[in-house]
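User: I have a structure to study. Please take me through it step by step.

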Amino acid sequence: MKLAGKSSLVTGAARGIGRAIAERLAREGANVAVADIREELLAEVVASIESAGVQALPIVVDITAKDGIEMMLNSVIASFGGIDIFFNNAGTLKVQEIFDVQEEDWDRIMDVNLKAVFFCCQAVARHMRDRGHGKIINTASLAAQRGRPELAAYAASKSGVVSVTRSMALELADTGVTVNALAPGIIDTDMWVLIDEQSGTLRDVPKGETFKNRTGKVPMGRAGSPQEVANAALFL
């Protein structure tokens, strides 16, 4: 119960890494607001959090809209009294060769993965600065450092997340607010199921083949788990 009495907000919390982090925070005693655009998936996450004996607050929101971010922030503050921990996790991708990337594909990925990350950080950081403390953790990706074939827009957006995180960490260093990023590699989530499916279609290989080939290059010979990422998030 390291986080007893703390209030937290997790975006992209309906499944995968976001859900694992929300549940981990709850097990450590934090109240958790879970935000996602997929309303139908939030009920199960809320039930899991409440089973840990803490408060859960579901928020259905499109974080690419600034009024959506404002609504989300106001809802959490009204319910919990403030935000001590913010995990900025929502993201999207599309597997495609660089020649097939359309302007709308680029804009959608940048809107969710970078623009929304920045403005969510801005809104939450302003609130935390005024309180004199807070923890912000952004989800980046190993792709931000290495690049990824067929994921150029996604890799670019995550490189932007790393850059924003570094700049905000420096600017907020004397306010009591810390800003960090996690950069997971291959994690066994629904997003990697999507990557496997889209890459398989693009390359005309059987389902599961892409995931198997990628995880085979991991030194441990397996994908990471959402719970392992959640443990790193808890440390931060």
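User: How many helices and strands does the chain have?

Analyst: This is a predicted model, in which local features need pLDDT of at least 70, side-chain atom pairs count only at pLDDT 80 or more, and totals for chains, interfaces and linings use all residues. Residues are numbered from 1 along each chain as its sequence is written, and side-chain values use heavy atoms, leaving out hydrogens and water. Helices (H or I, at least four residues) and strands (E, at least two) are DSSP runs, numbered from the N terminus. The chain has nine helices and six strands.

User: What is the radius of gyration of the chain, and what would a compact globule have?

Analyst: The radius is taken over C-alpha atoms, and the globule rule is 2.2 Å times the number of residues to the power 0.38. With 236 residues, the rule gives a value near 18 Å. The chain agrees with that, at 17 Å.

User: Is Arg-24 buried or exposed?

Analyst: Arg-24 sits in helix α1, residues 16-27. Buried means under 20% relative accessible area, exposed over 50%, and partly exposed in between (1.4 Å probe, protein chains only). Arg-24 has 17% relative accessibility, so Arg-24 is buried.

User: Which residues does Arg-24 touch?

Analyst: Contact means heavy atoms within 4.5 Å. Residues up to four places away in sequence are not counted. That leaves Ala-230, Asn-231 and Leu-234.

User: How far apart are the end C-alpha atoms of α1?

Analyst: The expected span of a helix is 1.5 Å times one less than its number of residues. For the 12 residues of α1, that should give 16 Å. The computed distance agrees: 17 Å.

User: How many residues of α1 are buried, and which elements do they pack against?

Analyst: α1 is mostly covered, with nine of its 12 residues buried. Among them are Ile-17, Gly-18 and Arg-24. The buried residues pack against β1 (7-11), β2 (31-36), α2 (39-50), β4 (85-88) and α9 (226-235).

User: Where is Asn-89, and what does Asn-89 touch?

Analyst: Asn-89 is in the loop between β4 and α4 (103-131). Its relative accessible area is 10%, so Asn-89 is buried. Not counting residues up to four places away in sequence, Asn-89 touches Thr-11, Gly-12, Ile-17, Gly-18 and Thr-139.

User: What share of the 236 residues is buried?

Analyst: The same cut-off of under 20% applies. Across the chain, buried residues make up 49%.
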